[in-house]
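This report goes through one protein chain by region. Please keep the sequence and the 3D view at hand while reading.

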Amino acid sequence: MAKNLGGFLLLVLAISICEAVSIFQPISDSHRSAALELFTPADGSFGNLEEAYEALRTFEILGIQGKPDISTSSCQSVSETLGSSSSTTNGLFHALKVNRILKCKIDEKIFQGITSRLKAVVNDGNSLLDYYYSIGSLVLIKDQTSGVDVLLGDANGIFHSIKALSQSDGRWRCSSNNPKSSTYAAGLALEALAGVVSLAFSDIDHSLIVTLKNDIVKLFDSLEKYDDGSFYFDEKLVDAHEHQGPLSTTSSVVRGLTAFASVISGSINLPGDKILGLAKFFLGIGIPGNSKDFFNQIDSLACLESNRVYVPLILSLPATVLSLTKKDQLKVKVNTVLGSSAPPLSVKLARAFISGSKDYSVIETQELKFDPENEVHFLDVLPKSIDVGTYSFVFEIVLHDSVDKEVYTTGGQTQVPIFVTGIIKIDNAEIAVLDSDLGSIETQKKLDLAGENAVLLSANHLQKLRLSFQLTTPRGKFFKPHQAFFKLRHETKVEHIFVVGNSGRQFEIILDFLGLVEKFFYLSGRYDIQLTIGDAIMENSVLRAVGRVELDLPQLPEKAPQPPAPLVDPYSRYGPKAEITHIFRTPEKRPPRELSLTFLGLTLLPFVGFLIGLLRLGVNLKNFPTSAVPATFAFLFHIGIAAVLLLYVLFWLKLDLFTTLKTLGFLGAFLMFVGHRILSHLASTSAKLKFA
C-alpha cells in the first residue's frame with residue numbers, strides 16, 4: 001500500500017513539473033514511430049502528390065528506415081502530372097517536389113515545356129499564389145536538371161510585383177484585389193522572393209533586399225509569446241474559411257525566412273532568442289495528431305536546423321527528479337532541434353535556489369563535466385547544501401569558438417525545475433494511552449512505521465490517545481511533509497480523520513476522548529488506527545495500519561446527534577441485483593376442448609355450404625376475357641382476392657392486427673387498380689354487344 005501511495009505521489013510530481021514549466025526535448029524516436037503511423041498509404045499510394053511529398057519529406061528528415069514503398073505509384077503520378085497540359089501550377093509544384101526526392105525518370109523535353117508555361121504564369125501573375133507555385137516550380141527544375149533555362153530576365157520587375165502586395169507591418173496580401181493581409185501569406189511571399197533571387201539573371205537591386213530585410217524585422221515585431229519562452233505567429237484578421245492556425249502560420253514564416261536568408265548576402269537583424277523561441281514552440285507542441293500538422297512541425301524544425309540566421313541549441317535534461325538516496329547524477333544534454341550534436345561548448349550551473357526564494361542561492365557557479373562518449377554534461381555528486389525539496393537550477397551554455405557564437409543561439413540562461421527526493425527517516429514513533437487527569441502513561445507501544453504493526457490498545461472516555469514521531473531528511477535535517485493524517489475507523493465504518501501537527505522537530509497528536517465523545521457519536525467498540533505520511537519528494541511515503549483501540553464511551557443521550565448512515569460503495573451498483581419474482585394474473589377458466597371443437601365446426605359450416613353451392617351451380621367462364629391484356633388483369637384480380645383470403649387465414653394463425661392492416665392496404669390498392677381495369681373492359685364489351 002505504501003508503494004502505491006509513493007507511485008501516486010510521483011505521478012502528481014510529474015504533473016506538477018509539466019504544469020510549472022515546459023522542458024523542451026529534441027526530436028526523438030517517438031516522432032519516428034508517430035510518422036509511420038500518421039503517414040500510412042492506402043493501397044500503396046497517397047491521395048494526392050501533396051500528401052505523398054509530405055510523407056516523403058518527413059521520412060527524409062527523420063531518416064526513417066523501413067518506410068512504406070510508394071515510389072512506383074508516386075513516380076507514375078509525377079509523370080502523368082508533368083506530362084499533362086491541363087495540370088495546374090499547384091499540381092506541377094508538388095509533382096516536382098516529389099520528383100526531387102524520388103528522382104523519377106522524366107524526359108528533359110517535359111521540363112522544357114513546363115518551364116515555358118511557368119515563365120508565362122510568372123510574367124502574367126496577378127496573385128501571390130501564382131508567383132509562389134510558378135517560381136517555386138522553376139527553382140525545383142533548376143535543381144533537377146541543368147539543360148533547361150529557368151533564369152528570369154526581368155527579376156527586378158517580378159520582385160517589385162510581389163513586393164507591391166506587402167503591407168507596412170510586414171504582412172502580405174494574397175492579391176491586389178484582396179485588401180486583407182495575413183502573416184501566413186508573408187511566409188509564402190518570402191519564399192517566392194527567395195526563388196526570384198536564386199533565379200535572377202543578374203543581381204537584384206540591393207535596395208530591394210534591404211527593404212525586405214526591414215519588412216522581416218517588422219513582421220517579427222508581431223510575434224506572440226508564451227510564458228515558457230516560446231514564440232509563435234498567429235493571424236489577426238482573416239476570413240474564417242482562410243484561417244490558418246498558429247502552427248501552419250509560424251511554419252510558413254519559418255520556411256520563408258530560412259529560404260530568403262539562404263540566398264542573400266549579409267545577415268538579417270533578428271535576435272537569437274526569437275529564433276530559439278520559434279524552435280521551442282515547435283518542440284513544445286509534442287507530437288501533433290494529424291499528418292499535416294506533423295509535417296509542418298518537422299519541416300520547420302529542419303529549416304531551423306541549418307539556417308543562416310541562427311541555429312538554435314536546445315538544453316534538455318534526461319531526468320528532472322533526482323534521488324539523494326540513489327545518488328543520482330545531474331545530467332544535461334545540449335543538441336540541435338533534430339537531436340544532432342552541438343559544437344564544442346560548456347554547460348555551467350550558474351546558480352540554484354529553493355523554489356519561491358530566489359534571493360538565497362544554495363549553489364554558486366559550477367561547471368559541469370562532459371562525457372564525450374555519451375555527449376552528456378554531468379555533475380558527479382549533488383552538493384551538501386542540496387537536500388530533498390523543490391529547486392530551480394539555472395544553466396548557462398558557453399560556446400568555445402567565437403565563430404560559433406555567430407552561428408548558434410543558446411538563449412542565455414535556462415531555468416529548469418529540479419525535484420530532489422530521498423528516503424525520509426522515521427524515528428521515535430510511539431503510541432500511548434494517557435491518564436486524563438495526571439497525563440501519566442498507562443500504556444505505551446513502540447511503532448515500526450517501515451514494517452508491520454499490530455498494536456492492541458484499550459481506553460475509555462476519561463483517557464487520551466497520543467501518537468508521536470520524528471522525520472529526518474537524508475542530510476539529517478527536519479522534514480515537514482505535505483500530508484500527515486491520523487485516522488480512526490469504527491467497526492460500523494464511521495471514520496474520523498485528524499491532522500498531525502508538529503512542535504519543533506516532533507510530530508504529535510493527542511486525542512482527548514472526553515471532548516470527542518459527541519464527534520464519535522458515543523460509539524463504543526473497536527476502532528482501526530491508520531497513519532498517512534505523504535510528500536511528493538518522500539520516496540517512502542507511509543499509508544499503514546497501526547493497530548486497534550477498544551473504546552469504552554458513555555451511552556448515547558436522547559438528544560445527541562445520530563451517527564451518519566453507512567457509506568454506500570459506488571461500485572456496488574454494478575454488482576448483481578436481487579432477483580425479481582413476477583406474479584402473473586391467474587388465467588381465466590377455459591371451456592372444455594370438445595365444446596371448442598364443436599363451435600369451430602359450426603363456424604366452418606357456412607364455408608362448406610359455399611363450396612357445395614359452387615359445385616352444384618358450376619363455374620361460369622363464358623365472360624372471362626380472351627384477349628391477352630384483359631385476361632392478365634382478370635387473372636391478377638382473382639389472385640388478389642385469393643391473397644386477401646390467405647391474409648385472413650394468416651391473421652387467424654400468427655399475424656398481429658397492425659401487420660395485417662398494413663398488408664391489406666397494399667393488397668386493396670392492387671385490387672382497386674386491376675379490378676377497375678377488368679370491370680372497365682367488361683363494361684365496354686357489354687356496351688358493344690348491346691349496340692351490335
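The sections below cover the domains, the pocket and cavity, a helix and a loop residue, and then the strands.

## Model and domains

The structure is a predicted model. Its chain is divided into five parts by residue range: domain 1 (1-38 + 170-309), domain 2 (42-150), domain 3 (314-421), domain 4 (427-558) and domain 5 (625-692). Domain 1 is written as two segments, 1-38 and 170-309. Between the C-alpha centres of domain 2 and domain 3 the distance is 45 Å.

## The largest pocket

The largest pocket has a volume of about 780 Å³. Its lining is made up of 27 residues, and those closest to the pocket centre are Val-139, Glu-191, Arg-255, Ala-259 and Ser-262.

At least two residues each come from helix H3 (49-62), helix H5 (89-102), helix H7 (128-144), helix H9 (183-199), helix H11 and helix H13 (291-305). The greatest share belongs to H7, which gives seven residues.

## Helix H11

Helix H11, one of the pocket-lining helices, covers residues 246-261.

## The cavity

Searching the whole structure for cavities of 30 Å³ or more gives one. The largest cavity holds about 30 Å³ of space. Its lining consists of Ala-261, Gly-266, Ser-267, Ile-268, Arg-308 and Val-309.

## Ser-166

Ser-166 sits in the loop that runs between helix H8 (155-163) and strand S1 (172-173). Is this residue buried or exposed? Its relative accessibility is 15%, and the cut-off for buried is under 20%, so Ser-166 counts as buried. From Ser-166 to Ile-135 there are 31 residues in sequence, and the C-alpha to C-alpha distance is 18 Å.

S11 is joined to strand S12 (residues 376-379) by three bridges in the antiparallel sense. Within this pair, Lys-369 has Phe-378 of S12 as its bridge partner.

Strand S13 (residues 389-399) has eight of its 11 residues buried, so the rest of the structure largely encloses it. Strand S8 (residues 345-354) runs antiparallel to S13, with nine bridges between them, and Val-347 stands opposite Ile-397 of S13. S13 also runs antiparallel to strand S15 (residues 413-421), here with eight bridges. In that pairing Ser-392 stands opposite Pro-417 of S15.

## The antiparallel sheet

Ile-431 has Leu-467 of S19 as its bridge partner.

## Strand S25 and its partners

Strand S25 (residues 542-552) pairs with strand S18 (residues 455-460) in the parallel sense over six bridges. Asn-460 stands opposite Asp-552 of S25 in this pair.

S25 also pairs with strand S24 (residues 525-534): the two run antiparallel and are joined by nine bridges. Here Asp-528 has Arg-548 of S25 as its bridge partner. S25 therefore takes part in a parallel pairing with S18 and an antiparallel pairing with S24, and both senses are ones in which strands of a sheet can pair through backbone hydrogen bonds.

Conventions: Residues numbered from 1 in each chain as written. Predicted model: local features only at pLDDT ≥ 70, side-chain atom pairs only at ≥ 80, totals over all residues. Heavy atoms only, no water. Domains from an automatic or database assignment. Pairing = 2+ DSSP bridges. Helix = DSSP H or I, 4+ residues; strand = E, 2+ residues; numbered from the N terminus. Expected span 1.5 Å × (residues − 1). 1 Å grid on protein atoms, 1.4 Å probe; cavity = no way out; pocket = protein on both sides within 12 Å on 5 of 7 lines; lining within 4 Å. Points joined across faces, edges and corners; volume = space filled by probe spheres on them. Buried < 20%, exposed > 50% of the residue type's maximum accessible area, 1.4 Å probe, protein only.
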